[in-house]
Amino acid sequence: MANRLLQLHRVLKPTGSLYLHCDPTASHYLKIVLDGVFGKENFQSEITWQRTATHNDAQKWPSISDVLLFYSKTSEFKWNPQHRPQSDEDIETRYRYTDENGRRFRLGPMDAPEGGGMSAINKKTGKPNGWYVWKGYQPPEKGWRYSPETMAELDKEGLIHYPTKKDGSPDYDKRCAKKLYLDESKGAVLGNIWTDISPIQASAAERLGYPTQKPVALLERIVSASSDEGDLVLDPFCGCGTAVHAAQKLNRQWVGIDITHLAISLIEKRLRDAFKTGLEFETHGTPKDLDAARDLATRDKYQFQWWAVSLVEAQPFQGKKKGADGGIDGLKFFHDVDKAGARKIVVSVKGGGNLKADDIRSIMAVRERESAEIALFISLEEPTRGMIADAASAGFYESASGKKFPRVQLLTIEGLLSGKQRAEHPDHQPDLNFKKAKAESNAAQKTLL
């Protein structure tokens, strides 16, 4: 992490910030590294995110929170305070007053804050600049917060609360206060303990099937607090793309990076589902043609397999575990009309040359062993005539609608990249593998970064 954080510090603008998400077992070690890279003077906050509730069967103090370490590059970092809605309890205890129009308000101080402005000592009078009598009411110890001109404007708008005695006469022994209306309030300013953003439950509509997926609301809060519209957001470990989703939704420019081709393909699908029109982005580092696919297969056979599996929108078998796979590189599921339960598709990827009929016989055996309806065989090279004949001998899966689909389908990388080929199967419920992201209402994007 030290080398990565050094590079992130290097590319960060002077007004930029960094948020590092971790759990409590690592936060103290990472804070030492961050102090060394950013300087301890640029540590801004340690945010505690309560991501779950306690369980009654816990055997110790249960861990229910994660940590967000917030650093800036300089003291001139961009900052937009975030607010939470007023709770019913807050409203009842703080907004205790009602004006003649039925609007609720609370009382805010009119004392001059410490340090300069109206609290600064006037050399001529020896008193604070805000030291003057207003309509018979004596100034606070540090003077009024506002100039006489501003006080007159507030008074004209009916925004000053004047204390009175029981008989209705002015109570000059008490302080004036400013009326702060509930319907004009942004809410309470958020602190560094966040309990209002729930984790993504297994049944949540937001869940896309990625194991470490974060709620969009969490990233929206971070992006909103430390950037403005048009600013550039970088997520160097973007996983399933929650940060870039939030950045796009909030009209920021963005760059997302991940080392796995599966993550990148999932992000591409997520963005296209969520932002149907006006979205334009470029993907770098994934194969765009047959030569690039061959290069990836030579360099890293597992990354090639996971990438090839993503071309048919399947999941890597056993969650991307390397090693023996029983002839299965990916799994895909589909629903059929009038047929209960999800139907299985097995995927096998062949990255090298020397294709032979035994490859098809093997995937046919795997399909039968796994009780799968369809098998997909993806290869870099074109299948031989013998392979095509063997695949055809497997027959067809007939859907409830009467349409027939080959039991064994031979697909090439070139055919999938060009769009000339695709996995063929019933598609009546297409979100069984990686769920479809909810479409966002603000899908406009004018220029490509």
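Select Gln50 first: its bridge partner in β3 is Ser65. The two strands concerned, β2 (residues 43-50) and β3 (residues 65-72), run antiparallel and are joined by 7 bridges. Strands here are DSSP E runs of at least two residues, helices H or I runs of at least four, both numbered from the N terminus. The model is predicted: local features need pLDDT of at least 70 and side-chain atom pairs 80 or more, whereas totals for chains, interfaces and linings use all residues. Residues are numbered from 1 along each chain as its sequence is written, and side-chain values use heavy atoms, without hydrogens and water.

Next, display the open sheet of 4 strands, ordered β1-β3-β2-β10 with mixed pairing; pairing requires at least two DSSP bridges between two strands. Its edge strands are β1 (17-22) and β10 (193-194).

Move to Phe304, one of the residues with the most contacts inside the largest nonpolar core, which has 24 residues. Such a core joins buried Ala, Val, Leu, Ile, Met, Phe, Trp, Tyr and Cys residues through side-chain atoms within 4.5 Å, buried being under 20% relative accessible area (1.4 Å probe, protein chains only). Elements giving two or more residues to this core include α8 (290-299) and β15 (339-350). A second, separate core of 17 residues includes Leu331 and Leu410.

Finally, colour by pLDDT, the predictor's confidence in each residue from 0 to 100. The protein's mean is 88, but pLDDT stays under 50 over residues 445-449.

Technical notes
Buried means under 20% relative accessible area, exposed over 50%, partly exposed in between (1.4 Å probe, protein chains only). Contact means heavy atoms within 4.5 Å.
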